[in-house]
Amino acid sequence: MAYGQHQSFYLRDRWLSKGLRHLMGDKRFFYNKDSFEKVGLGKNMLQSLRFWVIATRLVEEKVDKDQKRVHYITPLGEVIYKFDRFVRFNETAAILHYEMTKEKEPATAWYWFFNIFPQQVVSKDELLQFFVYWVNEQETREVSIKSLKRDIECLLKLYTAGQSTFDPEEVIHSPIQKIGLIEEHNNIIYKKIPDIKDIGITALMYSLLDYKAKKGIDTVSVDEIVNEKGLWGKVFNMDRSSVVNALELLVNRPLYHISFTRTNNLDTVKLPDVSPIEYLQFEYARKVESLV
């Protein structure tokens with residue numbers, strides 16, 4: 001598991017676009033001495049950007065034949081860069097959030113908060129205590145409490161920056177903030193059930209198709225969608241009612257719709273035969289065309 005790799009900087013608007021654009025021309029961009037000047041960020045911010053492009057799975061880090069670390073843009077990164085590199089659409093923000101939270105690494109705090117931590121309301125101090133306790137249970141090595149505290153602070157900023165008018169640093173919004181999953185008032189943290197439109201049907205379907213591809217399945221139960229790690233109930237704070245409402249919207253899609261069967265309390269969803277990336281390409285192209 002991984003901690004504190006964001007250098008305490010939450011993801012900013014336009015950072016992902018900058019990172020992807022430079023990596024297209026140089027797979028070793030993050031390791032060049034003058035890269036921070038080219039991208040217009042400080043050295044620590046550049047390392048933070050490296051974390052964010054990997055954590056959102058827009059970029060994959062590999063070792064080349066010369067045993068040097070290089071970065072390749074993933075198929076998801078290519079789609080996002082082509083259609084919404086500045087994360088203007090809520091669907092894109094929700095997909096990035098999903099990619100960060102669906103697995104333990106590299107954004108362990110994000111995975112824990114949305115998939116493991118059960119409370120809907122908690123103070124900041126208690127939240128840190130719960131995270132430290134969980135990490136100590138999971139790890140055989142000692143992890144710095146300062147590092148874990150930075151993770152919690154960065155996580156909260158990613159979803160709440162801009163909510164307060166009293167902190168001048170918070171005028172810099174995170175592109176993820178718009179999906180409305182967390183609120184903070186007087187040091188109390190609230191997990192919020194979002195409006196379906198704030199997440200976007202495209203993002204919800206993408207996550208199901210990604211789950212389908214990972215598990216090698218064609219059907220998924222509503223109970224799984226509500227309770228399974230990496231799916232809607234956990235990742236998007238959705239209760240059963242909002243899950244069912246979203247599924248009913250997916251039934252009525254003109255193409256790549258689901259089949260939703262409700263019998264004997266065993267509600268099941270049959271997913272369409274399309275890959276997550278093919279689906280995104282289709283939906284983004286349709287969305288962009290409608291805006292022209």
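Begin by selecting helix α4 together with what covers its buried residues, which includes α1 (15-25), β2 (69-73), α5, α10 and α14; contact here means heavy atoms within 4.5 Å. Helices (H or I, at least four residues) and strands (E, at least two) are DSSP runs, numbered from the N terminus. The model is a predicted one, in which local features need pLDDT of at least 70 and side-chain atom pairs count only at pLDDT 80 or more, while totals for chains, interfaces and linings use all residues. Residues are numbered from 1 along each chain as its sequence is written, and side-chain values use heavy atoms, with hydrogens and water left out.

**Helix α4**

Stay with α4, which spans residues 75-84 and is mostly covered, seven of its ten residues being buried (under 20% relative accessible area, with exposed meaning over 50% and partly exposed in between, for a 1.4 Å probe and protein chains only). To see the buried positions, colour Leu76, Gly77, Val79, Ile80, Tyr81, Phe83 and Asp84.

**Helices α5 and α14**

Now select α5 (residues 90-101) with α14 (residues 276-291), which pack at an angle of about 155 degrees with their axes 12 Å apart. Axes are lines fitted to C-alpha atoms, for helices over the stretch in contact, and angles run from 0 to 180 degrees between N-to-C directions. That angle makes α5 roughly antiparallel to α14 (angles under 35 degrees count as roughly parallel, over 145 as roughly antiparallel, 65 to 115 as roughly perpendicular and the rest as oblique). Show side chains for Glu91, Thr92 and Ile95 in α5, which meet Leu280, Tyr284 and Lys287 in α14. By class, this contact of α5 with α14 has three nonpolar, one polar and two charged residues, where Ala, Val, Leu, Ile, Met, Phe, Trp, Tyr, Cys and Pro count as nonpolar, Asp, Glu, Lys and Arg as charged, and the others, Gly among them, as polar.

**Helices α6 and α7**

Next, select α6 (residues 108-116) and α7 (residues 124-138), whose axes lie 11 Å apart at an angle of about 105 degrees; α6 and α7 are therefore roughly perpendicular to each other. At this contact, Thr108, Ala109, Trp112, Phe113 and Ile116 in α6 meet Leu127, Phe130, Phe131 and Trp134 in α7. The contact of α6 with α7 has eight nonpolar, one polar and no charged residues.

**The sheet β3-β5-β4**

Move on to the three strands that form an open, antiparallel sheet in the order β3-β5-β4, where two strands pair if DSSP finds at least two bridges between them. Its edge strands, each pairing on one side only, are β3 (121-123) and β4 (182-185), and neighbouring strands of this sheet are turned by 25 degrees against each other on average, direction ignored. Between β3 and β5 the antiparallel pairing runs over three bridges, and the bridge partner of Ser123 in β5 is Ile188.

Is Asp195 buried, partly exposed or exposed? At 42% relative accessibility, Asp195 counts as partly exposed. The C-alpha atoms of Asp195 and Ala246 are separated by 9.9 Å, although these residues are 51 residues apart along the chain.

**The sheet β6-β8-β7**

Select the other open sheet, in which three strands in the order β6-β8-β7 pair in the antiparallel sense; the edge strands are β6 (219-221) and β7 (259-263). β7 and β8 (residues 266-270) pair over five bridges, with Ser259 opposite Lys270 in β8 and Phe260 opposite Val269 in β8. β7 and β8 form a hairpin with two residues between them, and Asn264 in the turn has a positive phi of about 50 degrees. Helix α13 (residues 240-251) lies across β7 and β8, running at about 130 degrees to β7.

**The nonpolar core**

Finish with the largest nonpolar core, which has 93 residues, those with the most contacts inside it being Trp52, Tyr159, Trp232, Phe236 and Leu247; such a core is a set of buried Ala, Val, Leu, Ile, Met, Phe, Trp, Tyr and Cys residues joined through side-chain atoms within 4.5 Å. Helix α10 (residues 201-215) gives the most to this core, with eight residues. Centre the view on Trp232, whose contacts beyond its neighbours within four places in sequence include Leu204, Leu208, Met238 and Leu247.
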